Amino acid sequence: MTDPIVEISNLAKSYPDGFVALNGVDLSIRRGEILALLGPNGAGKTTLISTVCGIAIPTSGTIRVGGHDVVDGFRAARRMIGLVPQELTLEPFETVGDTVRFSRGLFGQPRDDAYIETILRDLSLWDKRDSKIIELSGGMKRRVLIAKALSHAPQVLFLDEPTAGVDVELRRDMWRVVEKLKDGGTTIILTTHYIEEAEAIADRIAVINKGQIMLVEDTASLMARMGRKEALIDLAAPLSAIPDALKPYDLSLNADGCQLIYAYDTSAERTGIRRLLNDLDAAGIAMRDLSTRQSSLEEVFVQLVHEGDAP
């Protein structure tokens, strides 16, 4: 197993008014992986990122980045981290090139125009290098934030809702950059409301709710363990209701009565589909077509959060 680059142990963060944002968070992030941090609004995602990046001070617990404590060894830890925040916090009258070069200097890195050019080209910003921030679209400003975060060549990159308000084409470009960074060994932690992106790009999924980590699991194994499959049975003639003979099955009927939907467990020894088809035939119900679909990560996520909210 790859050594962890970020180690979070028993982390808590509370505020003077008594609100507990984080409550005993334990999380180990592997070097070179993409970890998607998912959770509903107010779950603690941004607070967790803020404490790791040194923006917020933990109430208790420890955080180490590359072996450096983020409180006692703040400068060394922060030097390893790049952060792309949700907010578009940019100086409007600076040029793109100067903004990114300045960020590199803030981390004590020597000037490297070739490296900055590579970043700007990868993010399709090179042609905008002399443009002022105020002249850019929202999507381009988001790219500048990513360029700033990468300016000092961090080993760990936090992306807090990086594609919020960005069109589909720009989102695809950003994920290509993320994949390239991962190939180069950068560890990436992202939060996103586009759950299909997390499912497609993340090596592991961490789910946080009410300030606690509910699970951390490889994306593929999480889908295999918790995902359900559905058999979609298109009927030759519509039904007004599911016959009593088929009630033992986990069946639902779509609005027009032309499709039966059969949910089954992917980990079960037998799916029951063959038996169901035999019973359909015995009931005189003719089938026109049969297909299957896997439940999405979004459905799994909703299920997990619902279970966490249950008394």
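This is a predicted model: local features need pLDDT of at least 70, side-chain atom pairs count only at pLDDT 80 or more; totals for chains, interfaces and linings use all residues.
Residues are numbered from 1 along each chain as its sequence is written, and side-chain values use heavy atoms, with hydrogens and water left out.

Q: Which helix gives the most residues to the lining of the largest pocket?
A: A pocket here is an open set of points on a 1 Å grid over the protein atoms alone, where a 1.4 Å probe fits, with protein on both sides within 12 Å along at least five of seven lines; lining residues have an atom within 4 Å of a point. The largest pocket has a volume of about 240 Å³, a volume being the space filled by probe spheres set on the points, which are joined across faces, edges and corners. Two elements give two or more residues to its lining, helix 4 (113-122) and helix 6 (168-183), where helices are DSSP runs (H or I, at least four residues) and strands are runs of E (at least two), numbered from the N terminus. With 4 residues, the one that gives the most is helix 4.

Q: How many nonpolar residues are in the lining of the second largest pocket?
A: The second largest pocket, with a volume of about 190 Å³, has Arg 78, Leu 83, Phe 107 and His 152 among its lining residues. Ala, Val, Leu, Ile, Met, Phe, Trp, Tyr, Cys and Pro count as nonpolar, Asp, Glu, Lys and Arg as charged, and the others, Gly among them, as polar. By these classes, the lining has 3 polar and 2 charged residues, and the nonpolar ones number 6.

Q: How many of the 8 residues of helix 1 are buried?
A: Buried means under 20% relative accessible area, exposed over 50%, and partly exposed in between (1.4 Å probe, protein chains only). Ile 49, in helix 1 (residues 45-52), is buried at a relative accessible area of 3%. The buried residues of this helix also include Lys 45, Leu 48 and Val 52. Helix 1 is largely enclosed by the rest of the structure, because the number of its residues that are buried is 7.

Q: Which side chain makes a polar contact with that of Asp 234?
A: Asp 234 lies in strand 11 (residues 228-235) and is buried yet has no salt bridge, as the nearest side chain of opposite charge, Arg 288, is 4.4 Å away. A salt bridge needs a side-chain nitrogen of Lys or Arg within 4 Å of a carboxyl oxygen of Asp or Glu; Lys and Arg count as positive and Asp and Glu as negative, with His and the chain ends not counted. A polar contact is a pair of N or O atoms within 3.5 Å; within protein, one must be able to donate a hydrogen and the other to accept it, and residues adjacent in sequence count only if both atoms are side-chain atoms. At 2.8 Å, the partner is Gln 259.

Q: Which residue forms a salt bridge with Asp 218?
A: The whole structure has 8 salt bridges. Asp 218, in strand 10 (residues 212-218), pairs with a residue of strand 2 (residues 20-30), 188 residues apart. The closest N and O atoms are 3.6 Å apart, and the partner is Arg 30.
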